[in-house]
2 protein chains.
Amino acid sequence: MTLDSRTTWAAPAELIRTLQEARQLYRPRKIGRGHELYRQGECSTKFYLIDSGLIKISIFREDGTEVILEFMGSGTICGEGAALDRLARFSSAVAVEDTELLEFDTAGWSDEEQGMAPVLMALMRITALKQRVLALRLEQLFSREPENRIMELFHRLAQMAPQIPESSIAVLPQLTHEHIAAMTGMTRVTVTRALHRLRSRGNVIQHDGRFRLAGSTESVQKGA
Amino acid sequence: MTLDSRTTWAAPAELIRTLQEARQLYRPRKIGRGHELYRQGECSTKFYLIDSGLIKISIFREDGTEVILEFMGSGTICGEGAALDRLARFSSAVAVEDTELLEFDTAGWSDEEQGMAPVLMALMRITALKQRVLALRLEQLFSREPENRIMELFHRLAQMAPQIPESSIAVLPQLTHEHIAAMTGMTRVTVTRALHRLRSRGNVIQHDGRFRLAGSTESVQKGA
DNA sequence: CGGAAGGGGTATCGCAGTATACCGAGTTGA
DNA sequence: TCAACTCGGTATACTGCGATACCCCTTCCG
């Protein structure tokens, strides 16, 4: 476990040690510099404890730009978010250096039924979900255009909210412009203006004070 | 468990049910509208499952502005981040409505030594730590001035990195301007300019390609 | 019933970050 | 040894957001 001075993360040593001691749960692996450990969009139950080397974790935005979440060095963990909430990877991991790591697989972890295990598993999955949401919100803030920031927020909320069965229209929570501003990092004035444009473009429908999304499946129509 | 249409979050129902079934782990509680459930900066081992009502989760920035993370309604969980990683609350929770919730306490949870529990606990704490880091990075992106974004990133990295014992100077990971740009949501040009200003102000020292922080304890000197 | 507060629509202005382009220094590799 | 590439420094013009201020409408509450 050599120190790589470029890591941007660290986890408490005793927690890492606990994981290292569970030898029956992992197998060692190596990955060469420049190779991909996992890719955004994949599904997998595996996560990794890094022994030596350096892994870059990043999210690629729709427009191709890269949002770097972290450089993970030895004594850090990556990939556990998607391995726990069982959804698609929200980030990609590439080895910046030749890297040695321990590969864990959560596939059979729900089987244990005694003691605290079920509660811990449930709690862990929810925490992982929160981690995902935070990472995606972070990524959203890399949008410069107010319209995109708002639409990305709305699309996320649409996935959370109960859909109206008959239509493809999602009803969003009641949020004031000020709330939206405080969630997207803009001023209230900018939110008001951007919503205006979104309404005239037909991206958002307003109906007695509540927002609705038109066609919540596809992504925002960008500029052009 | 009534639906509040203003929640911006949801957790899978079966996970919530698992937690609700662990009756020995929680006690029911009520909190009146406008009252504080917990406050940023406190330490606590408690977390909450919301039964009905609405809780606003937000981070208050140094300049007093509020960053709203979520409105949590029934069937959601809050406060588990700090309850698991045992650090100070990074967010505040206020009841927007009269709210009924289940209060869990993680205080004695490390005692169990058999089966998967220790591994799950360790993994959960790391996941909680990641959640915290992501939330704080989200908050950082609400800074408009490039200098502040960079300094907040650097301060976070300084806490991760090993300090040099003799001096109060923290050595940061080797990051190119482009890396910093991809981590803070700015362009490379803006990063270059902002670093220039930070260096001339003495906030950052550059020494053969590596950044160092001067007096990493106190916060960035803002504008003025 | 009337005042206060909150929400939202709008205007003006200045400034600073983005986009883009170019250059030079240092490093790598054939 | 030279070419290719990366990294950082810098200049230009544009544009669109932040700050601020004001107005109006609705709701709430005494």
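**Exercise 1.** Determine how helix α3 and helix α4 of chain B are oriented and which residues join them.

Solution. Begin with the geometry: the axes of α3 (residues 117-140) and α4 (residues 146-160) of chain B come within 9 Å and cross at roughly 160°. Helices here are DSSP runs of H or I with at least four residues, strands are runs of E with at least two, and both are numbered from the N terminus. Axes are lines fitted to C-alpha atoms, for helices over the stretch in contact, with angles from 0 to 180 degrees between N-to-C directions. Next, classify the angle: under 35 degrees counts as roughly parallel, over 145 as roughly antiparallel, 65 to 115 as roughly perpendicular, and the rest as oblique. α3(B) and α4(B) are therefore roughly antiparallel to each other.

Then list the contacts (heavy atoms within 4.5 Å). From α3(B), Val133(B), Arg137(B), Glu139(B) and Gln140(B) meet Arg149(B), Glu152(B), Leu153(B), Arg156(B) and Met160(B) of α4(B). By class, this contact of α3(B) with α4(B) comprises three nonpolar, one polar and five charged residues. Ala, Val, Leu, Ile, Met, Phe, Trp, Tyr, Cys and Pro count as nonpolar, Asp, Glu, Lys and Arg as charged, and the others, Gly among them, as polar.

The model is predicted: local features need pLDDT of at least 70 and side-chain atom pairs pLDDT 80 or more, whereas totals for chains, interfaces and linings use all residues. Residues are numbered from 1 along each chain as its sequence is written, chains are lettered from A and ligands numbered from 1 in the order written, and side-chain values use heavy atoms, without hydrogens and water.

**Exercise 2.** Classify the packing of α5(B) and α6(B).

Solution. The axes of α5 (residues 177-184) and α6 (residues 188-201) of chain B come within 8 Å, crossing at roughly 105°. α5(B) and α6(B) are therefore roughly perpendicular to each other. His177(B), Glu178(B), Ile180(B) and Ala181(B) of α5(B) touch Arg188(B), Val191(B), Thr192(B) and Leu195(B) of α6(B). The contact of α5(B) with α6(B) divides into four nonpolar, two polar and two charged residues.

**Exercise 3.** Describe the interface between chain B and chain A.

Solution. First, the extent: 69 residues of chain B contact 68 residues of chain A. The two chains bury about 6,100 Å² between them, 75% of it on carbon and sulfur atoms (accessible area, 1.4 Å probe, lost on putting two parts together and summed over both). Trp9(B), Leu123(B) and Lys130(B) supply 11% of the area that chain B buries against chain A, more than any other three residues.

Second, the charges: six salt bridges are counted between chain B and chain A (a side-chain nitrogen of Lys or Arg within 4 Å of a carboxyl oxygen of Asp or Glu). Lys130(B) pairs in this way with Glu80(A), with closest N and O atoms 3.2 Å apart.

**Exercise 4.** Which parts of chain A does the salt bridge of Glu103(A) and Arg29(A) link?

Solution. The side chains of Glu103(A) and Arg29(A) meet at 2.6 Å, N to O. Glu103(A) lies in strand β8 (residues 99-105) and Arg29(A) in strand β1 (residues 26-31) of chain A, so placed that the pair, 74 residues apart, links distant parts of the chain.
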